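Please keep the model in view while reading.

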There are 2 protein chains.
Amino acid sequence: MFQRRRADMYTWMARNSITIVVLEDFEGKRDPAIRYFSGHPGDALLLLTITGHSVLCPWDEHLARYMADVDVITPYSEYGRDPVRAVRSLVDKIGTPAGSRIEIPETTAYPTFLRYVEILSEFNVQCRTGGAGTEVARMRAIKDPVEIATLEKACAITDAIVNQIEKLLITGKIKTEADLALLIEREARAAGAEGTGFETLAAGPLRSYGIHAFPAWTNSPFPGKGLSILDFGVKFEGYTSDVTLTVAAGELTKAQEKQLALMEKAYKTALALYKPGVATRTVSRAVDELFSRAKRSMPHALGHGIGLEAHEGPAIRSRDDNKWVFEPGMVVTLEPGLYDPETGGCRLENDILITETGNRVLTNARVIRIS
Amino acid sequence: MFQRRRADMYTWMARNSITIVVLEDFEGKRDPAIRYFSGHPGDALLLLTITGHSVLCPWDEHLARYMADVDVITPYSEYGRDPVRAVRSLVDKIGTPAGSRIEIPETTAYPTFLRYVEILSEFNVQCRTGGAGTEVARMRAIKDPVEIATLEKACAITDAIVNQIEKLLITGKIKTEADLALLIEREARAAGAEGTGFETLAAGPLRSYGIHAFPAWTNSPFPGKGLSILDFGVKFEGYTSDVTLTVAAGELTKAQEKQLALMEKAYKTALALYKPGVATRTVSRAVDELFSRAKRSMPHALGHGIGLEAHEGPAIRSRDDNKWVFEPGMVVTLEPGLYDPETGGCRLENDILITETGNRVLTNARVIRIS
């Protein structure tokens with residue numbers, strides 16, 4: 001699996017005359033492409049060479065020997081835990097001809113870029129959008145069958161937790177945001193997940209107006225009369241789901257009912273457009289227009305890909321620079337939301353596989369009403 | 001408090017002829033300096049001007065109106081949620097004279113740097129190490145009295161949890177890594193914390209050889225005969241503690257006892273050097289030498305500052321480029337650790353305030369022995 005993914009990358013490198021691709025995953029600069037290509041969960045450099053070799057330089061050598069499927073493992077500590085020094089040494093060890101093109105991550109900070117250029121002065125250092133990083137994002141956006149099966153498993157665990165939560169909410173056994181967050185942490189692991197895909201966002205009626213409530217969850221009451229939001233994901237073998245429930249408790253005001261109805265209309269409108277060949281920007285703009293006609297607006301994107309990251313390609317948003325088009329194998333969220341300091345917030349988010357003919361919704365998050 | 005911090009920054013800007021400093025905090029590119037200068041927890045741009053003005057451009061406008069102490073709030077959505085476009089528009093609104101020096105984050109990716117330079121062509125765009133980012137890191141490394149009091153509170157909550165954990169371990173009530181992680185999540189919030197400062201690392205004897213066990217915690221047994229590691233932090237009003245316990249259960253092998261004794265010797269040796277005027281590299285190298293004489297080595301840094309981030313200045317490590325010197329007001333970790341796939345891993349980590357005369361240990365993490 002990892003070898004097949006690397007083989008695809010080597011082919012791309014040959015076509016684009018790139019001798020070495022450098023991938024980097026460290027604190028503050030995460031890149032799950034390392035896990036995608038090697039199985040190693042992170043804190044490492046990975047070099048892929050046009051000759052079809054993979055060299056992993058991990059912070060934790062023991063963990064790498066246990067988890068990584070690569071040709072060579074060489075501990076990061078040998079290079080003073082400095083990525084620039086490590087790349088220089090590895091480029092020499094690999095025996096890279098002068099003049100070769102070496103592509104470093106497009107996220108490389110400008111001052112670090114200058115250090116790479118200086119230390120690799122006899123090579124052609126590339127740091128660009130539209131290069132290897134874009135190719136990896138494109139590869140990762142279209143899931144292979146193993147990835148789809150893994151995401152389906154994450155989604156099945158998610159749905160079981162959603163059903164359990166609904167029962168507990170209706171019977172009054174959930175009293176606080178903390179009850180929900182701890183239940184999700186416990187149940188996800190009990191079902192074999194690595195954990196949650198991101199910090200659970202549980203926001204009762206007083207806090208739901210925030211897109212991402214801060215702090216993410218507290219000991220505040222949940223649910224409570226009005227609109228509450230619960231946004232969580234389950235990470236199974238590295239792949240995370242991402243769903244949002246809205247909980248509507250007690251009798252809602254007219255404004256709240258209108259807000260919910262508008263959100264659900266946006267959800268349906270968009271879902272009909274989640275199919276191969278449609279530009280994701282087109283869908284996002286359709287929702288923008290729907291909200292705009294109702295004199296509302298949404299302060300975040302309509303959706304995004306999910307996988308080894310909670311947010312990855314394709315982007316599903318209205319910006320001019322968004323060029324993504326839906327393709328079979330993409331697994332994405334659809335998550336219209338509306339927020340108001342007076343009425344509170346609501347968001348409905350499910351995970352959706354784009355198929356040859358349309359889509360298949362993988363999760364069953366919903367608006368839960370409690371009397 | 002925020003105004004005083006900003007005033008210090010305006011003074012630095014005047015001395016260094018920087019007209020505008022741009023700070024950026026978004027997913028994958030976190031910078032708590034925004035919270036440090038404004039109180040706003042994140043997902044925003046912050047512009048500081050030499051004329052003494054602060055302009056916040058938040059993703060979540062509602063949250064900012066509730067939390068931010070700044071002169072102007074202008075929503076990010078107005079600029080297509082594109083940092084480069086937002087900065088260009090704000091620079092115009094502020095009325096910045098052509099030729100002014102505008103400093104963008106030193107973490108700015110090279111391709112984004114090129115966009116900034118193009119769009120701000122009539123200005124002098126700075127993106128460098130040793131500039132504003134370094135000054136902010138220096139300011140943040142030396143805690144003011146409010147910050148010290150906040151960290152003391154985080155440490156007090158941490159200690160109470162450590163004591164509770166010790167009792168539960170001794171009485172056999174903790175059975176799995178999950179029991180510990182969920183207890184910490186629950187108790188931290190119950191004590192008024194925002195949450196944990198980072199994902200709790202609970203690694204029973206089978207997994208403790210990893211520096212940072214992967215996954216961070218599971219349903220595996222904890223403790224179990226041998227060496228287990230528990231590494232966690234409590235985040236109180238944004239400031240996080242960071243401690244590590246080693247749990248030694250049952251009779252240890254000679255090799256394990258030797259490993260523990262060496263770690264504790266390193267801890268004591270280093271603690272005596274945690275005082276003003278000592279280069280942090282000197283301390284780290286003293287521990288390297290101690291380990292080296294025992295034919296062991298430590299695969300991570302000896303410590304780091306804590307505050308709004310779990311890892312911030314000062315660095316406490318052996319690298320040549322580490323120029324940090326201990327100063328009063330720094331709050332840092334001391335965390336020697338040794339890892340071995342055969343014997344397992346151990347690490348002891350406490351949080352330490354550097355004082356005028358030496359240091360004060362703020363937490364009471366320890367090796368807990370269970371028969």
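A rotation of 180° with 0.0 Å of shift along its axis brings chain B onto chain A, with an RMSD of 0.0 Å; copies are superposed by least squares on the C-alpha atoms of residues with pLDDT of at least 70 in both. That is the relation of a two-fold axis. The model is predicted: local features need pLDDT of at least 70, side-chain atom pairs count only at pLDDT 80 or more, and totals for chains, interfaces and linings use all residues. Residues are numbered from 1 along each chain as its sequence is written, while chains are lettered from A and ligands numbered from 1 in the order in which they are written.

Between the chains, 42 residues of chain B are in contact with 42 residues of chain A, contact meaning that the C-beta atoms, placed from the backbone, lie within 7 Å. On the side of chain B that touches chain A, helices H3 (61-67), H5 (110-119) and H8 (177-190) of chain B each give two or more residues. The largest share, 6 residues, comes from H8(B). Because 100% of the interface residues of chain B are also interface residues in chain A, the copies meet through the same surface.

Within chain A, strand S9 (residues 226-232) has 7 of its 7 residues buried, that is, with 20 or more other C-beta atoms within 10 Å of their own, C-beta atoms being placed from the backbone. Helices (H or I, at least four residues) and strands (E, at least two) are DSSP runs, numbered from the N terminus. S9(A) is joined to the antiparallel strand S8 (residues 201-203) of chain A by 3 bridges, and A:Ala202 stands opposite A:Leu230 in S9(A). S9(A) also runs antiparallel to strand S12 (residues 243-249) of chain A, with 7 bridges; strands pair if DSSP finds at least two bridges between them.

How values were computed:
Two residues are in contact if their C-beta atoms, placed from the backbone, lie within 7 Å. A residue is buried if 20 or more other C-beta atoms lie within 10 Å of its own, exposed if 12 or fewer, and partly exposed in between; C-beta atoms are placed from the backbone.
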